[in-house]
Amino acid sequence: MSKELYQVTARIIFKLGTRLELSETKAILSRLRNSIGRDVSETVSIWPLVFEEVPLEYLSTSGTPTYQENAILAALQLYALHQQGRSESVHESPGNSVGKALHNIRDLNNTALDRRFNALITSGNFKELTTHLRHLISILKQEKGTKIDYAKLAEDFYWYQMSPESANRMRMRWGQDYYFYQEKEKEGEKDAE
C-alpha cells in the first residue's frame, strides 16, 4: 500500500516539477498553498490534480477523506509551500526525510529549532502534526538547496494516521534523522581536538 502511495505522490510531484516555469503550474502551486489547513473535501480547485492520479481504492466512499487522500494532499501542500519562489524542484526522490532535512539546517546551539522539532514529533493528531510541519517548512525554505522526499513524506503521513504504533515508528525515524547525525558530528569534533 505505502509503496504505491509513494509512487502516486511522486508521479504528481514529478508532473509539477518538470513544468515549474509554466504559469499553469505556478497557479496550481498557488492553489495548493491556499488550500493548506483544509481537508480534501474543501479544496475543490485542486481536485483535478489529485483525483486524476490516485487509484480508485484511495478515494473516499463516505465523504470523509481517506488516510491516503489526507496524506497525499498534505504532502502536496507542503511541497507547494517549500517550492514557492524556487525555479528548481525542492523534491528529491529518493531523498531526505523531514528529520534529515531539518538536521541539515540545525547548528549545535539551535534550541529554538529543537523545540519546534520536538513539538512536531510529539503532535497528538494529524492536523497538529501538519501545522507544526508547515511552520518548519517555512523555516527550511529560507535555506537554498534544501530538498525533501515529499513522496516519502506522504508515506509517513499515511502511517502516522494508521495507528499509534506506526505513528511512533515514524516519529522515531524522524528523530533519529534529526538528532543522530548531530551526535556523530560532535564526536568528529572531539576527535579533531
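Two residues are in contact when heavy atoms of theirs lie within 4.5 Å. The model shown here is predicted, and the contacts below are read from it. Take Asp-177, which sits in helix H9, residues 164-192. Setting aside the neighbours within four places in sequence, Asp-177 is in contact with Ser-97, Gly-99, Lys-100 and His-103. One of these, Lys-100, is 77 residues away from Asp-177 in sequence, yet the two C-alpha atoms are 4.8 Å apart in space.

Now step back to the whole chain. The protein has nine helices and zero strands, and its pattern along the sequence reads α-α-α-α-α-α-α-α-α. Its radius of gyration is 17 Å, close to the 16 Å that the globule rule gives for 193 residues, so the protein is as compact as a globular protein of that length. The C-alpha trace spans about 60 × 40 × 25 Å along its principal axes.

Helix H2, residues 23-34, packs against helix H4, residues 67-83, at an angle of about 115 degrees, and the axes are 8 Å apart. The crossing of H2 and H4 is left-handed. On the H2 side, the residues that take part are Leu-29, Leu-32 and Arg-33. On the H4 side they meet Leu-73, Leu-76, Gln-77, Tyr-79, Ala-80, Leu-81 and Gln-83. Sorted by class, this contact holds seven nonpolar, two polar and one charged residues.

The loops between helices also deserve a look. Ile-36 lies in the loop between H2 and helix H3, residues 47-51. Not counting residues up to four places away in sequence, Ile-36 touches Gln-77, Leu-81 and Arg-134. Gln-77 and Leu-81 are also among the H4 residues that meet H2. Another loop, between H4 and helix H5, residues 98-103, contains Pro-94. The peptide bond leading from Ser-93 to Pro-94 is cis, with omega near -10 degrees.

What is the volume of the largest pocket? About 330 Å³ of space lies in it. Its lining is made of 14 residues, and the closest to its centre are Gly-37, Arg-38, Phe-126, Lys-127 and Thr-130. The elements that give two or more residues to this lining are H4 and helix H7, residues 126-140. By class, the lining of the largest pocket has five nonpolar, five polar and four charged residues.

The second largest pocket has a volume of about 160 Å³. Its lining includes Gly-85, Arg-86, Ser-87, Glu-88, Ser-89 and Val-90 from one part of the chain, and Lys-144, Gly-145, Thr-146 and Lys-147 from another. Here the residues divide into one nonpolar, five polar and four charged.

Terms used. Residues numbered from 1 in each chain as written. Predicted model: local features only at pLDDT ≥ 70, side-chain atom pairs only at ≥ 80, totals over all residues. Heavy atoms only, no water. Axes fitted to C-alpha atoms, helices over the stretch in contact; angles between N-to-C directions. Helix = DSSP H or I, 4+ residues; strand = E, 2+ residues; numbered from the N terminus. Left-handed = near helix turned anticlockwise from the far one by under 90°. Nonpolar A, V, L, I, M, F, W, Y, C, P; charged D, E, K, R; others polar. 1 Å grid on protein atoms, 1.4 Å probe; cavity = no way out; pocket = protein on both sides within 12 Å on 5 of 7 lines; lining within 4 Å. Points joined across faces, edges and corners; volume = space filled by probe spheres on them. Rg over C-alpha atoms; globule rule 2.2 N^0.38 Å.
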